[in-house]
Amino acid sequence: MARGLWSESDYGSDVVVGVFDTGIWPEHRSFSDKNLGPVPARWKGVCQTGDRFTAANCNRKIIGARFFSKGHESSIPGGGMGGINETVEFRSPRDADGHGTHTASTAAGRYAFKASMNGYADGVAKGVAPKARLAIYKVCWKDAGCFDSDILAAFDAAVSDGVDVISISIGGGDGISSPYYLDPIAIGSYGAVSRGVFVASSAGNDGPSGVSVMNLAPWITTVGAGTIDRNFPADVVLGDGRKITGVSLYSGKQLKGNMYPVVYPGKTGALAASLCMEGSLDSAQVKGKIVVCDRGSNPRVAKGLVVKKAGGVGMILSNGPSNGEGLVGDAHLIPACAVGSNEGDLIKAYISSAGSPTATIDFRGTVVGVKPAPVLASFSGRGPNGLNPEILKPDLVAPGVNILAAWTDAVGPTGLEADKRRTEFNILSGTSMACPHVSGAAALLKSAHPDWSPAMIRSAMMTTASVTDTTSRPMTDEASGKACTPYDFGAGQLNLELAMDPGLVYDVADEDYVGFLCSIGYGPKTIQVITRVPATCAMKKPAPENLNYPSVAALFPSSSHRVLSKTFIRTVTNVGDPNSVYKVGSEMPSVKGVTVTVKPAALVFTEKKARKQKFTVTITADSRSLSTAEGGTIFGAFTWSDGKHVVRSPVVVTQADPL
């Protein structure tokens, strides 16, 4: 599909994206309604007024705005604005935090020329679906978080208002996934998906450790984060002439090559000082010096502020082993540069060995055309799925590192109270930034294919996702430097142009999701908490892996010492040429004792024959060969191809005992 299509036409203007977040800064030019047609007639939403938010703050772009605070208010006895700090918050859809403005403009911001963050990432900013309409549901409050009851209320409102897509860059809990019947995002999104609304959510930022992916419900599209080909390099130059490259978005007064003493407060072994926690630095030790701070515990930008208060002139932010070489840019308040774990060790070794160690930091601005790209972000939440490993999560990845998007005028780019700067755009990293890329893509897919279900839209994105980078090699993981596996990036990186014409899709109906919930041992009453309609389970319990998902995960018990086999049933719907023949292909590594057989080997579609066809995937594994594989897991894929389309499904074969 020609690129021109999106910019020239009203493409996507019939679709409404609901953003559940911290609200919106409505005056921002990314939300202009210039040259947009009338609001879709079917829209039933409202523009809820409040603190610094009038009906005039909605327009033909922001067609609805609501805020949800009852959960907060009832959490504090005595009511009032319980839990919401009115000195920093607006009791309205207005965004006091910035996160919501950023995600909304990433999904659907209009073209904004001469956009940058204090000169960084200069160029044209636009959302994925610039003509799509926005409906804002403020469910999260600055310094106060998001309450389950408010999230659930927002889902109900958004569905009855008439949104087509919901983007929810919010993650549950502390890296521990609640069962679906206790998870407001899983419950709310089931109701949305069952009414035809596509829901995208973030995979969480607790990578690179395994089982860190969240938002696991199989009706949600779960999005991890990759890099783009743009970077913001800064160099730490040591007194001995060595140059170490890191990343920074510092835009203030430069150090101009002047060398300063460099110190690592953590070398005494004091943890708080090594992390540059509030009140931990002795100004006698750091005044006039560049300070090395370890990453972790307090916000990265807050560490710079601690150094500044103690009289330091700059900061080198060092990753620990858990972050590896994964770097993100920050709009630091003092000259500061982030470096990887190995580089940090090198700088610390220099400090402890040199008689009078010195350093400076050079900021190199914006560099584009970085290779390789994309690379999987080390922080991106990883599989396997901690609730039901038979369902592969995350589903796919999208750009989520150093993303420029619109920003609130209520706070500076760091969000810190001490940051008095104001910036029209901000550069952020996280799976929160990746999720709205998929939401915007879903809006364009829905506009092109109004009859597609949420599962069909997800399937189109997954089966066409790219697994290679700009150097045509397999996409790698920033944390390990190795090729990504489906546990890292699901089906791969979003490729919207291919997703527009996927050939075949895997559809999932409500009764299939109910069957899945029965299969994992939920009873009718528990299921009803999620579906909100009475449910029945068949006498014969289905297998969870037979949910018609675009990926396949085969789990074999590790206790077995023999050859085991599992057969999966899948159904594809032809959305391409009605007369076509798809042949199966395999991308499985040749591992002795592990075979994947797809039957039939060809699917023949004609105008007279049904659009839907079933096939089986039989996976046979010798437990001995699995136990010798790395992590006891083998990764691969199978494809269906008609010579024009390639419909790819990732495959995971692993030894795992049921949780």
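Helix H3 is a covered element in this predicted model. Of its 10 residues, 10 are buried.

Helix H3 (99-108) gives two or more residues to the lining of the second largest pocket. That pocket has a volume of about 1200 Å³. Its lining counts 41 residues, and the closest to the centre are Lys126, Val128, Ile228, Pro399 and His437. Besides H3, the elements that give two or more residues to this lining are helix H1 (4-8), strand E4 (120-125), strand E21 (403-406) and helix H13 (496-499). E4 gives the most, with five residues. By class, the lining of the second largest pocket holds 19 nonpolar, 14 polar and eight charged residues.

Now turn to a helix pair. Two packed helices are described by the angle between their axes and the distance between the axes. For helix H5 (residues 184-194) and helix H14 (residues 510-519), the axes come within 10 Å. They cross at roughly 150 degrees. Angles over 145 degrees count as roughly antiparallel, so H5 and H14 are roughly antiparallel to each other.

Which residues make the contact? From H5 come Tyr190, Val193 and Ser194. They meet Asp510, Tyr513 and Val514 in H14. The contact of H5 with H14 has four nonpolar residues, one polar and one charged.

Technical notes. Residues are numbered from 1 along each chain as its sequence is written. This is a predicted model: local features need pLDDT of at least 70, side-chain atom pairs count only at pLDDT 80 or more; totals for chains, interfaces and linings use all residues. Side-chain values use heavy atoms; hydrogens and water are left out. On a 1 Å grid over the protein atoms alone, a cavity is a set of points where a 1.4 Å probe fits but cannot get out, and a pocket is an open set with protein on both sides within 12 Å along at least five of seven lines; lining residues have an atom within 4 Å of a point. Grid points are joined across faces, edges and corners, and a volume is the space filled by probe spheres set on the points. Helices (H or I, at least four residues) and strands (E, at least two) are DSSP runs, numbered from the N terminus. Ala, Val, Leu, Ile, Met, Phe, Trp, Tyr, Cys and Pro count as nonpolar, Asp, Glu, Lys and Arg as charged, and the others, Gly among them, as polar. Axes are lines fitted to C-alpha atoms, for helices over the stretch in contact, and angles run from 0 to 180 degrees between N-to-C directions. Angles under 35 degrees count as roughly parallel, over 145 as roughly antiparallel, 65 to 115 as roughly perpendicular and the rest as oblique. Contact means heavy atoms within 4.5 Å. Buried means under 20% relative accessible area, exposed over 50%, partly exposed in between (1.4 Å probe, protein chains only).
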